[in-house]
Every structure is written in C-alpha cells, then in structure tokens.
Amino acid sequence: MAFYQATQGEAPSALYLNKNNHAAFLNLLLLPLVARFVAGSTDGSRFRAASGGVIVLFLTVVFLIGSRGAFLGFIGGVLFLLWGLGIARWRRHWLLFSALVAIALLLANIGFEPTSSTGARVATLAQPGEAGASRFLIWETSVEMLREHPLWGIGLGTFWMMYPAFRHPDDASGGFFVHNDYLQIWLEAGLPGLLLILLIGWSLFRSVSAFRQRAGGNEVEVYGLTAGLAAVGVHSVFTFNLYILSILILCGLYLGRLHHHCYSTPTNWRLNLQRIRRKAFVPLLIAGLIPPFGYFLSVTLSQYYLERADKVTTENLGTADRLLGQAQGLTPALEAIRSARGELWRSTLGDLEGERAAEAFKQSVAAYLEGHRLNGYVPRPLVGLGRLYSEYPQWADEGNAAEIAEAYFTEAIRLDPRSLSARRNLAFHQLRQGDTEAALAALEGGLKYRYPPTLNLAGYYSFASQLYEEIGKDEQSIHWHTKAEAITEKIERKRTRTAPSASMHG
C-alpha cells in the first residue's frame, strides 16, 4: 500500500494517518530482523535471501517516508546492535547489510520519485534550527503550559483542548500532539507519568546490561528487540509514537519477551490458568470483555444517531430531537450532543412566536450551557450562545443581549484564537450593531494565523476582503480576495484530479 501511495504522489503512510508513525512501526519490525540477518550464520541461504529482501522492502518505505526522526531512530537502533553483537565476528554480514541499505536508498530516491528526497531531508539535520522550526514552536508553547501545571499535569489526553489558547500564530500543525512524547506525557500526566516512562527505559537498560554480562543464549533476539525499542524511543523525541495503539501493543510484546529472556526465574505470583476450570474461564473472559465492548458500542451508536440527526431536514425537527435524545442517553457526557441540541432549538426560533419562541430560546440556552459545563475548553457551545443572543435578542430575559453575545464570542476566541467560527460570528454581530471597524478587527485577529486550505477558510478571507473594501482599503481587499480565490482553485483542482480515481474504485 505504501509503495502504491508513493507512485501516486501521496505520502506512503499505508493505514496510518501520519506517515512518521508508519516509519516507526516499520523500524520496530525491521531491527530484530536486521539482528537475525547479521548474526544468523546458521540460517539457510533461502532464509537469508528472503530476510534480505524484506529488509530492502522495509527500508525503502522508511526512506520513502523521509522521516528524519525515524532515520535517527534507525541509526540509533543499528548503533545499539553494533554495541551488542560486535563487528569483528560478523564483519562480512555487516558489509552485506550496508549494501542492502544502499539499495534501499537508491530505490527510494530514484525508482519512486518521492515528493521530497530522503537525502535532502536528512541533510537538513545539519541546521536543526530550520529543520525543527515547526516543532520548536509547539515545544516552546508546551513549556509555557507546563509552567502552569508542572507537578500533576493537565490530564491525560487533554492537550488538544487546552493548547489552542496558548498556540503560536505561526504554528500550522493539527494541534493534537506536542511531537515529543516525553514532554507531552509530562504535561498531561505530570511528573508521575514522566517518571514511569523513564523508569521503563532505565529498567530495560539495566536488564539488557545484566544479560550481556551473563553472556547467555538468545543474544540475537534480545539485542534485536531492544534495538527496535531504542529506535522508537529515539524517534518519540520528535513525534507521538507512544500515543499510537499498534506501536504500544508491539512494544509491550517486546518488553514481555525481553523480560522472559532476562529474568528466566519464574515469579511466585504467576497466574496458573490451568487451575481455572474451563467452565469458569469462559464466563470470566466474557465478563472482562463486556465493559470495553459496551463502551465502544455505545460511543459508536451515539455517533450514528448524531450523524443521522444532522442530516434531518428542518421539516422533521421532532425526529432530529428524538435522535439526539438517543445519542445523549448513550453518551451523556459528550459536549457535541448538547451543542447539537442547542443548535436544533436555535434553528426553530425563526418560525416561532410568543411563549413558544421564548421557551425554545431557554431550551437552546440550557443545552449550550450544559455543553460548556461538560467541556469548558472548546468554543463551540459559547459560539452557539453568542449567536442566540445576537440573532434573537428579543427573547432574552437578561440585561443587554448585545453585550452578552459579545462576551460569549470573546470568551470563545480566548479559548481558541484560531476559531474561524467564533471570529466570523463576532464580526456578524458587530455588523448588526453598525460597527464595521470592530467587525473587521475581529476578523483581522484570525488573519495572522496559519490554516490548512479549506472552503471555510476561503469564505473567511472573502468576508475580510469585503469589509476592507467597505472602509476603502483596496490593497488589503485585493490581497485577501486573491488568497481566497487561490484556495478555492486549489481545492477544485484537487477534486477534479481525484474524481476519476474515486469513480474507478467505486
């Protein structure tokens, strides 16, 4: 799959969303095989030929990916193998392995014409300030967050929610990961989480060192598995391998196998499954699987009902409300469902009057407020509240509806300064108040950030262009209008290019 993606000019990420994680997984598989290839003097010629072919295959994909972190991880793993296996005894095999590496480099840089040369990518490591500029921005911001929560962290898995408020304008990443697992674990799980990760590495080093002094059997497997773990450990300084389940599972299997080799004496607390009768084992297994299965089933069904409700037309609002109620019953702590219910009630206000409209307004406010209570780090419910008070001030019981709306929009922007929705709706609100300059100021705050090209972004730039034109700033108006057109044309070209391929694959 990775080879096919490379021939189509796409990132060779196979089934991974991020190509760097694909490279890490391949390194994890590759280095134990390299150890066997280098030290496998008793292996037959057919096995050596087959393993050599697999090494070339894996290395070619790793080089096609062009991940500098994966390259450093691979070098670190190979250096560990040189330390563990030595070079004098296997000199001829090391030379043959070097030839395989050269073949893989040639294939990756000549045969498949990747979008970026592996050699050029690796050469940028000579200037780390430029090579890691994007990551340095994330790390710098993450350190600022860490200063506020140095001991216990912000909570495992919550980085993506709290990061937008700290995010640097030049950071164009997805904003989900720090791209340094150790820093992210420290930030999310605090010092206890970081110490646990470091203790795993330290115990592994101590175990392998003690094994090396004993000079027992299974050296090739021990050094090969450890080299794979070392490659992932080095690579994780620059990406988020320890947040990828498939990599974690394989690392866990490696650690279990290494424990078996390094500590062959059985422990006293080992569970003897043979003592559990077959009639009792199956019910216990089923009982253990029910909680995770029930959780994932409820989340999946909830998402299904939420998507169905989103597709319901305005003529069937009762059906949409029923579907959202089913989704909420399955996942009562999900903010997205409460915000969707708030949006549903808000959409009815244009067709209602009197007490029914006032009641719908209250229902919508209550749903958005509950969504904000469930997750106070996302701007969506606050934007919904701002739109309510801005578009339907006549149904608000509290004070000045315009000021309340502006306060909600401002808080949403504080949580996520890059939120196009919050800034665009604040600009619409300011226009309703007759203040074009304030509306433009709301949009200008988002123009300094970098975004992936989308039609939504093109619309945002077009809106800014119109406001610049209204106040007589023609140069800025033309600039943002041109950028909006360029984004739209790029997206249309991509759609046109991919349409035949999509129809071919059904």
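Buried means under 20% relative accessible area, exposed means over 50%, and partly exposed is in between (1.4 Å probe, protein chains only). This is a predicted model, where local features need pLDDT of at least 70, side-chain atom pairs count only at pLDDT 80 or more, and totals for chains, interfaces and linings use all residues. Residues are numbered from 1 along each chain as its sequence is written, and side-chain values use heavy atoms, with hydrogens and water left out.

Start by selecting R167 and D171. Both are buried, and their side chains form a salt bridge at 3.6 Å, N to O. (A salt bridge is a side-chain nitrogen of Lys or Arg within 4 Å of a carboxyl oxygen of Asp or Glu.) The structure has 11 salt bridges.

Next, pick E370 and R373, another salt bridge, at 2.5 Å, N to O. They sit 3 residues apart in helix α16 (residues 354–374), so about one helical turn separates them. Helices here are DSSP runs (H or I, at least four residues), numbered from the N terminus. R373 is exposed, with a relative accessible area of 58%, while E370 is partly exposed at 22%.

Now hop to helix α17 (residues 380–391), where E391 and R387 lie 4 residues apart. Salt bridges with shared partners link E343, R346, R387, E391 and R432 into one network.

Last stop: the largest nonpolar core, with 55 residues, where I55, L81 and F97 touch the most other members. Its largest share, 12 residues, comes from α2. Such a core is a set of buried Ala, Val, Leu, Ile, Met, Phe, Trp, Tyr and Cys residues joined through side-chain atoms within 4.5 Å.

Terms used: Helices (H or I, at least four residues) and strands (E, at least two) are DSSP runs, numbered from the N terminus.
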